[in-house]
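Me: I have a model open on my screen and would like to learn how to read it. Could you walk me through it, one feature at a time?

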Amino acid sequence: MSSSVTHDVEFEISTDVLKKAYRLMCTAGRMAEIYDENKKLASKYVHSTSRGHEAIQLAAAFHLKPWDYAAPYYRDESILLGIGMEPYELMLQLMAKRDDPFSGGRTYYNHPSLKREGMPTIPHQSSATGMQAIPATGMAHGIKYKESQGLGDDNKPVVLCSLGDGSVTEGEVSEAFQMAILKDLPIIYLIQDNDWGISATGEEMRAMDAYEFAAGFKGLKRMRVNGADFADSYNGMEKAVNYVRKNRKPILVHAKCPLLGHHTSGVRKEFYRDEQNLNLHHEDDPTPRLRHYLLEGGMPQDEVEELETQGRKVAEEAWEKAVNSPDPDPATVSDHEFAPTPITEETGEREPEGAEKIVMVDAALFAMNEIMKNNPEALLYGQDVGARLGGVFREAATLGKKYGEDRVFNTPIQEAYIVGSTAGMSAVGLAPVVEIQFADYIWPGINQLVEELSKSCYLSMGQFPVRSVIRVPIGAYGGGGPYHSGSVESTLCNIRGIKVVYPSTAADMKGLMKAAWHDPNPVVMLEHKGLYWSKVPGTEKAKSKEPSEDYVVPLGKARTVQEADTDMVEEGYSAVVITYGMGVYWTLEASKKFPGSIEILDLRTLNPLDWEAVVSAVRRHNKALVLTEEPLMNSFAESLAGRIAQECFQELDAPVMTLGALNLPAIALNMDLEKEMLPNADKVGDKLDELLNY
């Protein structure tokens, strides 16, 4: 029977907790030693350890419950040990082994993706420092939303978001803080401050530390703890967790820690730190500090030494086992690009008898209403989509009043939060639809879209696909100018792991919106503003009969809008125009000059692409034009044309031609200049004449 440890502390810490903490500190320390002793093997892939941060990390981990959520950062090895992960499992990830439980050898050490009974949920996140704050806050936002709808957990889950102090200077962290306070979200921001950011000191990187910085966020409770002292850290984290669990409000905990290991295995401490600095940090080493605490509290030395032996032994045994474990099968490299979608066939009625024709903007509104009516996990947010306005295009009109401000709400001008929070929402079981007000405004959100949403399914081996629909009004017409008219699909199509949809009719808008919402992967819906109301001359056919409520169009299926006559095809005087969005209507108008000669293939989805339909159409006509509204150079259209030329070279009777906007950095405000830059029916007609008569 072990002896007790007694100290005059604010909260009594049980002997079992203290023993566990010390044993795991010894494990973490031995793991770091083993990695250095086996540097050639251990440093094959870059890693970082928790040396110096063990006290605060273990203290935080010990207060988490299985129903909680966590977003650790790359130095949080001891948090993982503290929640029950085994050194062997972490070492599998260190060496990118097949049985790495987080990613199957796909991502870095200390980058967990954990969905395991009896442990907190840890969704995938990137290693970009500070970026985890938004998805983590999205988790808390989702938890708060579920509680507001009676869908919550009686255990009152909390979210732990761990950050290095240097990362708090990131603008996205401020976006997270702002929303956490604005919405009273149950999240703990644990800031670990070791006064280093690679080779830059705190003095060089910041005007104040995170605790001081947070004072500017009215309503964000703050506290400091000594991150090198386990007792102080444990008591501080107990206060923080209890506060958030009870009050459902955010708190920031600032923990000062020494940095005893390397920044990473690739940037070793001796590269940038002198002996004086290293010695200064070693004075605050949490492990001997806790050892002293145990002995002073009355624990026999032999019992302390036994904990040391146990801790070191488990690390040593794990290393030998992990080194000899198998590598991933190269054949699995393409697994988990996307999670399987339930929508694989077009179902429901596209043109129900007696249905009225509707415009595209109403089709989107009706689709969202039907989704929200039947699915309490659906919510809609973005700039100006709330009840007062219902979207700048009225695309969310009536929804805010119908479903309330918890489900349909305005956000600040924070595109990064709008996009990145959906990763956290998805992780807690929600299916958010968000809006970026104009395509030209999506750029602040690209960071989150690329690093957090697009990679999550692949790097977590399918554990955490991000279910997210991102609506983006796009395209030019009528003098929208340089900041409200841009086309961005080529950039989006270069982001692997997301789907990109571009409807051109009301029926497709509704069917694709439904399919996108049911898809477990991130989907960007590009909605052309010029087609919303069919007010632009020549776009009348964008109106459709309203499809039935159960109508869906599977993503990745093109649609033939217009066929060529058989005799024209046989005479060799036909061509296919492969396009989407406004290109469909330019081509419909232009094709009137070439009766029976032009097939129009509306892609509808740019990724995944209906390559089979493209190849079939090209081989049917032997001549093809790829048409886009984007500036042409280096565009999706040019890429598609090149792929067609390579695949269909033997069947082509003319070069694969392309047409798009002029290669200029922005669309001018003046409408004559806008017209000169963009394609139109006349320009398409000229290109078709050239193609047909080649």
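Reply: Gladly; we will start with the whole chain and then turn to single places. Keep in mind that this is a predicted model.

Me: What does the secondary structure of the chain come to?

Reply: The chain has 25 helices and 21 strands. Its C-alpha atoms fill a box of roughly 95 × 55 × 45 Å along the principal axes.

Me: How do I read the radius of gyration of the chain?

Reply: You set it beside the value for a compact globule. With 694 residues, such a globule would come near 26 Å, and the chain has 29 Å, so the two agree.

Me: And how many of the residues count as buried?

Reply: Of the 694 residues, 60% do. The accessible surface is about 27,500 Å², and 48% of that belongs to carbon and sulfur atoms.

Me: How far apart are the mean positions of the positive and negative charges?

Reply: They are 3 Å apart, taken over 70 positive and 101 negative charges.

Me: Let's look at rings. How many aromatic pairs are there?

Reply: The count is 17 aromatic pairs. Take Phe213 and Phe217: their centres are 5.5 Å apart and their planes make 65°, an edge-to-face pair. Phe217 counts as buried because its relative accessibility is 14%, under the 20% cut-off. Phe213, at 27%, counts as partly exposed.

Me: How should I think about the sides of a helix?

Reply: An α-helix has 3.6 residues a turn, so residues three or four places apart point the same way. Now look at α5, residues 87-94, where seven of the eight residues are buried. Those seven are Pro87, Glu89, Leu90, Met91, Leu92, Gln93 and Leu94.

Me: Which helices do the buried residues of α5 pack against?

Reply: They pack against α1 (15-37), α2 (39-42), α4 (77-82) and α13 (301-323).

Me: What should I look for in the backbone angles?

Reply: Most residues other than glycine have a negative phi, and most peptide bonds are trans. Just after α5, Ala96 has a positive phi of about 55°. Asp195 has a positive phi too, about 70°; it lies in the loop between β3 (187-193) and β4 (196-197) and is partly exposed at 28%. Met461, with phi near 55°, is in the loop between α17 (443-459) and β12 (468-474). Its relative accessibility is 29%, which counts as partly exposed.

Me: Where is there a cis peptide bond?

Reply: Look between Asn607 and Pro608, where omega is about 5°. Pro608 belongs to the loop between β19 (605-607) and α22 (611-621).

Me: Is Lys499 buried or exposed?

Reply: Lys499 is buried, with a relative accessible area of 6%. This lysine lies in strand β13 (residues 499-501). Beyond its sequence neighbours within four places, Lys499 contacts residues including Phe338, Asp519, Val523 and Leu555. Asn607 and Pro608 are also among its contacts, and they are the residues joined by the cis bond.

Me: One last stop: where is Ala564 found?

Reply: Ala564 is in the loop between β16 (559-562) and α20 (566-571), and it is buried at 15%. Its C-alpha atom is 5.1 Å from that of Ile598, although 34 residues separate the two along the chain. Leaving aside neighbours within four places, the contacts of Ala564 include Val569, Ser574, Gly596, Ile598 and His621.

Technical notes
Residues are numbered from 1 along each chain as its sequence is written. This is a predicted model: local features need pLDDT of at least 70, side-chain atom pairs count only at pLDDT 80 or more; totals for chains, interfaces and linings use all residues. Side-chain values use heavy atoms; hydrogens and water are left out. Helices (H or I, at least four residues) and strands (E, at least two) are DSSP runs, numbered from the N terminus. The radius of gyration is taken over C-alpha atoms; the globule rule is 2.2 Å times the number of residues to the power 0.38. Buried means under 20% relative accessible area, exposed over 50%, partly exposed in between (1.4 Å probe, protein chains only). Accessible areas come from the Shrake-Rupley method with a 1.4 Å probe; for residues, only the protein chains shown count as cover. Lys and Arg count as positive and Asp and Glu as negative; His and the chain ends are not counted. The place of a charge is taken as NZ of Lys, CZ of Arg, CG of Asp or CD of Glu. Rings of Phe, Tyr and Trp (its six-membered ring) pair if their centres lie within 6.5 Å; planes under 30 degrees apart count as stacked, over 60 as edge-to-face and the rest as tilted. Contact means heavy atoms within 4.5 Å.
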